[in-house]
Amino acid sequence: MDVRLLLLGLASGWAWQSSLAHGVEAGGLLADSQLDLDLRHYYAYQHTQRSTYLGIQKPGRLQPTRVRETWVQSAMLGWRSGYTAGVVGFGLDASVFGAANLERGHGKVANGADRVLVDSAGDALSTWSRLAVADVKVRLRDTELKVGRVMTENPILRYKDNRALPSSFQGVALYSQEVEGVSLQAGSFQRAIPRTGTGSERLTTTFGNRQYSGERISYLGGQLKLAQGAQMSLYASRFEDMWQQTYLGVGQQVGDRATLALKTAFNYYHTEDQGAQHLGYIDNDAYSLALGVAHQAHSLTLAWQQIFGDEYFDYVWESTGNYMANSLYSDYNGPNEKSWQVRYDLDFAPLGVPGLSMSLWHAKGWSIDGSHYRGDRKGRNTGYNVRGLDNASHAENGLMLAYVAQSGWLERSVFRTIVYNHRAEGGQVDGSYDEVRLVINVPVKIF
C-alpha cells in the first residue's frame, strides 16, 4: 500500500474517533488550525539589451522582441491543522494557489511559460490554479514527518518564490529538533510543482540538459548552533542517476549593531556524477565567503565566490538550492567562474521610519571557461553545453526598496520594488537585461 494513503487513512480515522470521544477542541486538530490568505500583486517590465532577444510565438517561428511585460494578481489560501491528542499526533496541511493574468497581450508575454502560463499557441491563459501544498503530517515530540506536497527549505532543495506564485515539491520530509541547538532535516522527493504550472513535473536540472531527469532527490543534514554566535550546517544528497552533492556552511555573528556587528558566512558545495550519469561526468567544487559589518542603520557586505569545474555548479529546477553568497539575479555559477559582490543595506528604523529598508549591490563575474569540458567522454551524455564559453563575463547592479506596514488594516503587508540591470559578454547564459519589478504581498489571517 502507498504510504501516503496509509497515513491519510490513519489521520482521518484518528481525528474522527477523537472528535467523537472528546469533542473537536480536545484533539486539537481543528482547534489549533489556521487559515490564511496571501494576496500578491506582481508586475515586471523587462527590456533586453545588446545581443539578447526574447521570442514571440508565431506560426512556425519565433519573432524576436526586446520587451516583456508581466502583470499578475495571485492568491494563496493555506490551511494548517493542529494535531490530534496522544503521544503521536496527526494533522493535515493544504494550500490552493491561483493567479489571474492582467496582461494577456500575445506580444507582451514573450518567452511563454517562463513567467506566466500560456497555451500551445503562446497565448496567456486568463487564470490558472493548483493544489500547491497537500500533506499528511505526523508528530512525535519535536519530530515531524510530512508526506505529500511540501514547500521545502534547505541548502539542497528550497522552494522558489520569485514569480507570482512559489513552487513546491512532492515527496516525504522529516524535521527534528529533539536536541537543543540542533535542527535536522531529511527528505526524498519525486516531483516538482512549478511556479507557472497547474500540475507536477519530473525533476530536472537548472543549468544542464533538461532532456534528462532524475527519479528522485534525497537529502539528510542539519544545523548546529555553536558558542559565540557561530553555527554550522552540513548536508548530503543524491539526485538519482544525475549527481550526488554535499554542502558545508559555517557562519558567525558577533557584536551589536548599535555599536558594531560583524558577520561571516562560508558556503561550500561539492558535486559529482552519480548512478547512470544522465548528465555525464561531473566534478565540481563551489565556494563563497562573505564578510559583513553593521553599525546602527547601515551595513556593508563584501563577498567572493569561485567555481572549480568545467561545468556549471547546478541545482534542481524549480528550486533555489543555492546558498552561495553571489546568488542574485545571476548565480555566478559558470564553469571556473570567479565573482565578487559589494552590497550596502540601510534600515530606516533607527532613522525614524520603521519598516522601510533599502539594498544596493554590484556584482561582477569573469573567467567563465567551459572550453575544456569533457563530461561526455567515453560515450556519456553531454550534460552541459559550455564548450563555447571561453573567458565570458558579466556584471549586474541592483536596487531594492521594501516597506513592511507597521499598523492598520495593511499591517504586515510588504511593498517591494526592485530595479536592476545585467550585462553579459561572451555568451554568458543570463544575457543582457534592464528590469523593474513591483511586488505587493498582503497577508490576511482568516482564523
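The lining of the second largest pocket is made up, by class, of twelve nonpolar, two polar and ten charged residues, where Ala, Val, Leu, Ile, Met, Phe, Trp, Tyr, Cys and Pro count as nonpolar, Asp, Glu, Lys and Arg as charged, and the others, Gly among them, as polar. This is a predicted model, in which local features need pLDDT of at least 70 and side-chain atom pairs count only at pLDDT 80 or more, while totals for chains, interfaces and linings use all residues. Residues are numbered from 1 along each chain as its sequence is written, and side-chain values use heavy atoms, with hydrogens and water left out.

The second largest pocket has a volume of about 500 Å³, and of the 24 residues that line this pocket, Arg80, Ser95, Phe97, Val133 and Met151 are the closest to its centre. On a 1 Å grid over the protein atoms alone, a pocket is an open set of points with protein on both sides within 12 Å along at least five of seven lines, a cavity is a set of points where a 1.4 Å probe fits but cannot get out, and lining residues have an atom within 4 Å of a point. Grid points are joined across faces, edges and corners, and a volume is the space filled by probe spheres set on the points. Among the strands that each supply at least two residues of the pocket lining are β1 (34–48), β4 (67–80) and β21 (433–445); strands (E, at least two residues) are DSSP runs, numbered from the N terminus.

A search of the whole structure finds one cavity of 30 Å³ or more. The largest cavity has a volume of about 40 Å³, and its lining includes Tyr312, Asn333, Glu337 and His394. By class, the lining of the largest cavity divides into five nonpolar, five polar and one charged.

β8 and β9 run antiparallel over nine bridges, and Ser168 has Ile193 in β9 as its bridge partner. In the hairpin of β8 and β9, five residues lie between the strands, and Gly181 takes a positive phi near 85 degrees. β8 is also joined to β7 by eight bridges, again in the antiparallel sense, and Lys146 has Ala173 in β8 as its bridge partner.

Most residues other than glycine have a negative phi. Gln277, although not a glycine, has a positive phi of about 55 degrees, and this residue is found in the loop between β14 (260–273) and β15 (283–295). Gln277 is buried, with a relative accessible area of 11%, since buried means under 20%, exposed over 50% and partly exposed in between, with a 1.4 Å probe and protein chains only. Glu318 likewise is not a glycine and has a positive phi of about 70 degrees, and Glu318 counts as buried because its relative accessibility is 3%.

Technical notes
Helices (H or I, at least four residues) and strands (E, at least two) are DSSP runs, numbered from the N terminus. Two strands pair if DSSP finds at least two bridges between them.
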